Number of protein chains: 2
Amino acid sequence: NIFVGKNMQDINEKMNKLGSERSAIRELFEKGKELKKTYGEKKVFDFSIGNPVSSPPKEVKEVLIDLITNKNPIELHGYTSAQGDIFVRRSISEYLNEKYSAETNEEYIYMTSGAAAGIAIALKALVNVGDEVIVFSPYFPEYKVFIENAGGVVITVKPDEKKFFPNFYDLKEKITKNTKLLIINSPNNPTGVFYDEEVVKKITEILSEKEKEYDKNIFLLSDEPYRELLYVDKKYPFVTNYYKNSIVTYSFSKSLSLPGERIGYILVNESCNNAKKIFESICGAGRSMGFVCATTLFQHMIPKILGLTSDFSVYKKNRQFLLEKLESIGYEIVNSDGAFYLFIKTPIEEKEFSKRALQHNLLLVPSESFGIKGYVRLAYCVDYETVVNSIKSFKSLYEECVKDGNK
Amino acid sequence: NIFVGKNMQDINEKMNKLGSERSAIRELFEKGKELKKTYGEKKVFDFSIGNPVSSPPKEVKEVLIDLITNKNPIELHGYTSAQGDIFVRRSISEYLNEKYSAETNEEYIYMTSGAAAGIAIALKALVNVGDEVIVFSPYFPEYKVFIENAGGVVITVKPDEKKFFPNFYDLKEKITKNTKLLIINSPNNPTGVFYDEEVVKKITEILSEKEKEYDKNIFLLSDEPYRELLYVDKKYPFVTNYYKNSIVTYSFSKSLSLPGERIGYILVNESCNNAKKIFESICGAGRSMGFVCATTLFQHMIPKILGLTSDFSVYKKNRQFLLEKLESIGYEIVNSDGAFYLFIKTPIEEKEFSKRALQHNLLLVPSESFGIKGYVRLAYCVDYETVVNSIKSFKSLYEECVKDGNK
């Protein structure tokens, strides 16, 4: 073996680390698979993954079959421009303008392979080595990967631990002359917390103040895959209406239950400073990463399904049931209005709690993965039956932890 | 405007350059669109883009409709693991082993969004800053983008200008202790040249010699989107059969005429030194760029269409017709056996030739984009009618150039 001990440079070590270290979520996922083999699917309560369980709306099937049956296959499956088909981008812009009273422009929409690619591309387009990118703890772990891939430095802002909004005082402290952008994610993964208009106003006011103080542009990247997953009757505050230098990443993964199809977009607010330059850089960043265009079949589907969503009633039902039962057991749960996650305060240290949960066939992600301690994330995008049957395990787990805590 | 003259750091300038500078190919594409508006579709002979014109095999339609109609949509459209569905990877491995008498292993196949993503990911996985990556001139321009994105240095090897195989003497010269890998692409874009077994043996012998000389691994990345597009009855020399440290990138874009659907794979030869580490690094590189998984619908299609191709007879017909007619006019054309490109020696400087061609409504890409002078690339993946009607223009263009050359 030529390699061992001599030529460690066959691979890029950073990439190897990213590829070989299993994330806590994947680790759980694998353990869950083992448990299911041993105890059977129905006896394992897998709350680890945000994989939608509600079928796509029937129109997805109808539209796909119609396109494949009737559209010229050369056009249906051919390249679009890197930004995406202009009719698709226009339909999205028109939809957003009507739905959110926004003023978006199709020329500033770039179709992507889901929101993950969108965030990775947007960061690469904007960030220079050493730029600081702010995220609110707890946060989706891949933000860190994408920020670092772009050469940026991750800066975390503490949460207000009552409502799990950002700690505004800490946000002010953390913005410096090196701040390139702030990522927000509402409804939030992992907490489920929704930032209503008041919260968004507060955040953007701070950004505006700091833009003046440092005499520079600070960008706001709003990552919105859970935009439609709201359990309160409040309007969704669309960021371009509140802040000039804003960028939105979106995915149809959760709203249409199509996570594997990787279809989404980046929207640059037309009135952003340097919007044109930013959009060009997004095109360049996509190009550098080997994105050629978003899958054309799914691009062509978009204009016909905008505004539709999967049936979210199963999530709503799961959520209500879990909140009631878990709180009656004694669990403290962060108050949240969206997505399909509950963030549960752990009666003992969170990794130990997650380990013990496994012994009760409960799969819960410890919050350390999200940059914070003392909680687990419960993804309730599962069958109602799973939810109902899990309560007994939650109860034994709680009693066991409390008993041990009182020793 | 906060930005102008003060804060040039809003964006990443490298990405902006990549996104704002139009490639020569795109430039031509845009000019072609204008010409078509002025003269009508049928009067413009667009040989600029490698966009397949032959419909996908009918089985693509059948399989897609069957999957959408009958498969559980949660599974059909759900996430797969980042590497791709194991059944899909197994089917590819089995297919390759049978077709090419290869010894591939499904565990070392990573499904990607087409070959471009595959190359970008593989390079990012292997290359460290300053590593040298060798390409054979003329080469697909995006190789340079992907190599530089990974921090590598592009080293070009001259062609043997008779057959447009690599110049083996130059290849030996260019391999140094810093060489990380060599990219080959056969059948070739832009020349159409096919490297038969003899050529592949020659290349891999040189690599093996140099591995010994420098006592290090030198990887061979074989980019094979045109693998099935062969107009001679010769076997395709599958690189893992000839060289241990080899990696293959593949796309179904050309073989199935699905360029917009972005489905392909990376294969790491199982007997590669450090195959496991390399594969992990590929997973990490994909992750860092926001690839979550290859589109699941198209992944699920793969096992059912392996070995099928579009009807290539239109390309064959175009090729024969063009070769005969253009050579009888006086053009010198590189002898080639595959893909859907002709590489034509220009009677005058190639950019000037391409400009003059435009005046005859002929769209031909000057070879400078491919890292070499004195040629244009003609992509004959167009209607036969376009080919036939273009000859008059080729004739006038040639006569005009020769006349001017003789002034």
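User: Taking contact to mean heavy atoms within 4.5 Å, how many residues of chain B are in contact with chain A?

Analyst: This is a predicted model, in which local features need pLDDT of at least 70 and side-chain atom pairs count only at pLDDT 80 or more, while totals for chains, interfaces and linings use all residues. Residues are numbered from 1 along each chain as written, chains are lettered from A and ligands numbered from 1 in written order, and side-chain values use heavy atoms without hydrogens or water. On the side of chain A, 82 residues take part, and the number in chain B is 82.

User: Which residue of chain B meets Arg287(A) in a salt bridge?

Analyst: The count between chain A and chain B is 2 salt bridges, each a side-chain nitrogen of Lys or Arg within 4 Å of a carboxyl oxygen of Asp or Glu. In one of these, the side chain of Arg287(A) lies 2.8 Å, N to O, from that of Glu142(B).

User: Is Arg227(A) buried or exposed?

Analyst: Arg227(A) is placed in the loop between strand E6 (219-223) and strand E7 (246-251) of chain A, and among the residues it touches are Leu96(A), Phe238(A) and Val248(A). Its side chain makes polar contacts (N or O pairs within 3.5 Å, one able to donate a hydrogen and the other to accept it; sequence neighbours count only through side-chain atoms) with the side chains of Tyr100(A) at 3.3 Å and Tyr265(A) at 3.1 Å. Because the limits are under 20% relative accessible area for buried and over 50% for exposed, with partly exposed in between (1.4 Å probe, protein chains only), the 3% of Arg227(A) makes this residue buried.

User: Which residue in E13(A) stands opposite Lys345(A)?

Analyst: Strands here are DSSP runs (E, at least two residues) numbered from the N terminus, and two strands pair if DSSP finds at least two bridges between them. An open sheet of 4 strands in chain A has the order E9-E10-E13-E12, with antiparallel pairing, and its edge strands, each pairing on one side only, are E9 (332-333) and E12 (365-366). Within this sheet, 5 bridges join E10 (residues 341-345) to E13 (residues 375-379), and opposite Lys345(A) stands Tyr375(A).

How values were computed:
Contact means heavy atoms within 4.5 Å. Lists of a residue's contacts leave out its neighbours within four places in sequence.
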